[in-house]
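Take a look at the protein shown here. This report walks through how its parts meet.

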Amino acid sequence: MASQTRYTGLIDKYRDRLPIQSDSTIVSLGEGNTPLIKLENIPKEFNRDIDIYVKYEGLNPTGSFKDRGMSVAVTKALEERSQAIICASTGNTSASAAAYAARAGITAFVIIPEGKIAHGKIAQAMLHGAVILQIKGNFDVGMKLVKEVASKSQVAIVNSINPYRIQGQKTAAFEIIEELGFSPDFHCLPVGNAGNITAYWMGYSEYYAQGVTNARPRMCGYQASGSAPFIARKMIDDPDTIATAIRIGHPQSWDKAWQAKEESQGWFSACTDEEILTAQKLLAEKEGVFCEPASAASLAGAMVDIQSGKIPSGSKIVCTLTGHGLKDPNIAISQSKTPMITIEANLASVQAALKERTDVRRSPSSPSDGAK
Ligand SMILES: *Cc1c(COP(=O)(O)O)cnc(C)c1O
């Protein structure tokens, strides 16, 4: 009997497209191969013929796309006999570095901005046993320190300035082309340090050059308006947004991201925190998909550009949802208007509550007398 191929991670699947030595010890947690979900309810609200798919990267092992890059970066760190890795992080890189270092049996040092990391991410870095250094400064300051310390000691940087991170992350574009059978017309994603937009463009371009696909998407990078150096066209020193994963004023992949934008004839654009939170909520309420705020910037930006016609009717678009909603439970709870109803623990109270809520839910479309 033919045995079914078991998916063990993206290095296993794309090894011939990644710079991995043949005798390398692979560090994998089964990352990649994430769902590409076609939205069913949100597009109806536009009244246009537009297909929107979301690449749900929150379903990677530590809950963000960072795992794709980390698997390759930590595998290479072992090849190069590093005993330790280091990163500056807005949260997800530290969670991912901590997990892959634990798996590899090496030390992870993570530098995070004090008080600006979502709860779930800290929980991960702590339990995976990373050495956590909180600094009284933002991500950009942390990044600078990491570069300085790594130049003076034997520790591998696993931020996206590490080219192996980008190599791993490009595989998300491969998966999209393989699953759709074509490249989308537009690829929308949140931009912070700009490693991921660089990686997707590399992935699309690689398959395009080899004739796996006959087109490449226009890359649309969305930033939070309080943290938007690509829209300002210059570095900014005090970035701020509720979407902490993209709270970055000095993006490291500056030139490569501009190149992706230019070559693809795409664009950068900004969304307000309010638009981001609205998109996050829409995805949760209308599609059953829970992503963290930064991730929702992709859909928030796409929605603005669909409404304005910049993304025309007939388009097929993919939005990357970079991280899982459970990463940041505090924001989800604080922006939810869903009431918690406390009742007595008996059948009559439950029945009464059901009756009451059912009426409320039905009232907008089918006017029922006396419901009010
Ligand atoms: C890291 C991260 C981003 C930003 O990706 P860059 O490669 O830094 O542009 C966006 N969303 C989430 C959830 C992230 O963790």
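Predicted model: local features only at pLDDT ≥ 70, side-chain atom pairs only at ≥ 80, totals over all residues.

The protein is divided into domain 1 (10-58 + 165-333) and domain 2 (66-162). Their centres, taken over C-alpha atoms, are 22 Å apart. Domain 1 brings 44 residues to the contact, and domain 2 brings 37 residues.

The two domains bury about 3200 Å² between them. Carbon and sulfur atoms account for 52% of that area. On the side of domain 1, Val27, Arg165 and Lys327 supply 28% of the area buried against domain 2, more than any other three residues.

| Link between domain 1 and domain 2 | Count |
|---|---|
| Salt bridges | three salt bridges |
| Polar contacts (both residues at pLDDT 80 or more) | 25 residue pairs |

Which elements of domain 1 give two or more residues to the side that touches domain 2? They are α1 (10-14), α6 (163-169), α7 (171-180) and α13. The largest share, four residues, comes from α6.

Arginine 68 forms a salt bridge with glutamate 175. Their closest N and O atoms are 2.9 Å apart.

Now turn to helix α4 (residues 119-127). Its buried residues are Gly120, Lys121, Gln124 and Ala125. They lie on the same side of α4 because they cover an arc of only 135° around the axis. Their cover includes α3 (92-104), β5 (131-135) and α13 (329-335). The face turned away from this buried side carries exposed His119, Met126 and Leu127. Just after α4, glycine 129 takes a positive phi of about 85°.

Notes
Residues numbered from 1 in each chain as written. Heavy atoms only, no water. Buried < 20%, exposed > 50% of the residue type's maximum accessible area, 1.4 Å probe, protein only. Arc of directions from axis to C-beta. Contact = heavy atoms within 4.5 Å. Domains from an automatic or database assignment. Buried area = accessible area lost by both parts, 1.4 Å probe. Salt bridge = Lys/Arg side-chain N within 4 Å of Asp/Glu carboxyl O. Polar contact = N/O pair within 3.5 Å; in protein donor to acceptor, adjacent residues only side chain to side chain.
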